[in-house]
Amino acid sequence: VLSHNLCTVLNVPHDPVALEEHFRDDDEGPVSNQGYMPYLNKFILEKVQGNFDKVEFNRMCWTLCAKKNLSKSPLQISDEDAFKVWVIFNFLSEDKYPLIIVPEEIEYLLKKITEAMGAGWQQEQFDHYKIALNTSREGLSAWELIDLIGSGQFSKGMDRQTVSMAINEVFNELILDVLKQGYMLKKGHKRKNWTERWFVLKPNIISYYVSEDLKDKKGDIILDGNCCVEALPDKDGKKCLFLIKCLDKSFEISASDKKKKQEWIQAIQTTVSLLRAGSPPPHKEARQKRKELRQKLLAEQEELERQMKELQTANENKQKELETVRKQLEAAAARAAEEEKKRLQTQVELQDRFSLELEREKMVRQKMEEQVAQKSSELEQYLQRVRELEEMYKQLQEALEVEKQARQDEETVRKLQARLLEEESAKRAELEKWHLQQQQTIQMTEAEKQELENQRMIKERALQVAMQQLEQLELERKEALEQYEEVKKKLETAANNTKTWKDKVAHHEGLIRLIEPGSKNPHLITNWGPAAFTEAELEERQKNWKGKKAT
């Protein structure tokens, strides 16, 4: 199961036949770590091409070892954060087994997490911890590092979410090679519209997503040594523009403010320069430099220890030589005394000879003492030089600490200024947006007002024409009314006259005869002569008379 899962995660074809052939049933019991390593190296690791998801591989290794080694005590970080700290440990640990992370790398990691949380670095607190750590061992294991970060010793006053976000930011930078990320506007290639995207810059690619959760990926910008980035002037209402030119395509991007624009241009230019030079990402290069510096300091320390051992060995050898000479002198004195007793007869000769030998031995002893004094002086000078070097090393460390503190203060002020600038830019963008909306509303209102003014002018002109026509009609109506009054008066006069005349005619009943043009029909003959009306008119008159009599 382990081999099959490793092959799946590493994109290596699994060969069950080779597995069975390698681990035959030889009744030797379970396979140990040392027994499994040859198969792992030969059939799995040697076939890895590098095209696998390293995060998934780390997650599988974490699954294998976390349950057995992770502390049972409650931690202030989640299991996912503990996994990320474990992966960072594997990146920063020394290249020797068992893996440990040295105090310098622990300080680097804790500083990164503290800066990501926006808190101040407590150098004095870490120095006390470092002193206590150096007295017992060289560094921490992965699980001890997780306990240290999870205990909250260097993140007091911070909530779990802030610590989690800081660990995630450091994980993205050190493990996922995220050099820079943030929201910006991107111009489309087809519809030419501007859309907000979450951009992530890595050593050889820029990926952009719908949001910062990285779930909906919209595309990639492949970077190489031929790419370049340049600033663009403001246009189409967009500000802080810059252009990324690649071999096959160019991308127009708008940053939120000038500072963000300059930061992105600088980051992309640095990435392209590293690609041209074939250099690793900045954090990996910094880790290599720290490692080389530690190795250099370790080599210098070993050289000092070697020289001290050589001096100590030389001093011991000189002491042994002096002791040997002293014993030789004692033996010579004993032999001289015996010879003095044995050879009394040759005392003078022996005394002279012994005096000469003693003088010679004194000279030798004096030379040896001078040599010892000279070596002691050289040793004292060397020790004085070592003390001076240690004092210079302490002063250099203090200067480095002062410089680090100054850089940290400068970084804190810069972050504060960046946050204020971002807030000011956001407010300014919002005010500009309101101003644009107000201008659009004013323009729409002006257009509507102009249109209403035109309609009003047209209606006023039509109204003036209608008023003129109405005045003309009013004049005509007045004239017609006057004519009507005149005609009415004439009609009333005529009616009155007619009524008077008709009454008179009716009263006299034919005594008065109407004078009318004569009819071509035969005229009726009355008692007074020919009638002035026809038979039909006579019948009509008769009906009228009968009606009047009836009423």
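The end C-alpha atoms of residues 177-273 sit 16 Å apart, and this span is 16% helix and 44% strand (helices, H or I, need at least four residues and strands, E, at least two; both are DSSP runs numbered from the N terminus). UniProt, in an unreviewed entry, puts the feature "domain: PH" at residues 177-273; positions from that record follow the numbering used here, feature names are shortened, and annotations may be inferred rather than shown by experiment. The model is a predicted one, so to speak of a local feature takes pLDDT of at least 70 and side-chain atom pairs count only at pLDDT 80 or more, while totals for chains, interfaces and linings use all residues. Residues are numbered from 1 along each chain as its sequence is written, and side-chain values use heavy atoms, with hydrogens and water left out.

On to the pockets. The second largest pocket has a volume of about 1800 Å³. A pocket here is an open set of points on a 1 Å grid over the protein atoms alone, with protein on both sides within 12 Å along at least five of seven lines, whereas a cavity is a set of points where a 1.4 Å probe fits but cannot get out; lining residues have an atom within 4 Å of a point. Grid points are joined across faces, edges and corners, and a volume is the space filled by probe spheres set on the points. Some 44 residues line the second largest pocket, with F57, N58, C61, W86 and N90 nearest its centre. Elements that each supply at least two lining residues include α1 (2-9), α3 (33-44), α5 (79-92) and β2 (194-202), but the largest share, 9 residues, comes from α4. By class, the lining of this pocket splits into 29 nonpolar, 9 polar and 6 charged residues (Ala, Val, Leu, Ile, Met, Phe, Trp, Tyr, Cys and Pro count as nonpolar, Asp, Glu, Lys and Arg as charged, and the others, Gly among them, as polar). Domain 1 (53-175) and domain 2 (178-280) each put at least three residues into the lining of the second largest pocket; these bounds come from an automatic or database domain assignment.

The largest cavity has a volume of about 80 Å³, and among the residues lining it are L110, I113, M117, F154 and V163. Two or more of the lining residues come from each of α6 (103-117) and α8, and α6 gives the most, with 4 residues. The lining of the largest cavity has 7 nonpolar, 4 polar and no charged residues.

The cysteines come next. With a disulfide taken as a pair of cysteine sulfur atoms within 2.5 Å, the count comes to 0. C227 is in no disulfide, and the nearest cysteine sulfur, that of C246, is 3.4 Å away. C227 is buried at 1% relative accessibility, and C246 is buried too, at 16% (buried means under 20% relative accessible area, exposed over 50%, and partly exposed in between, with a 1.4 Å probe and protein chains only).

Finally, the backbone. Most residues other than glycine have a negative phi. N11, which is not a glycine, has a positive phi of about 60 degrees; N11 is in the loop between α1 and α2 (16-22) and is partly exposed, at 45% relative accessible area. D177 also has a positive phi, near 55 degrees, and is found in the loop between α9 and β1 (180-187). D177 is buried, with a relative accessible area of 14%.
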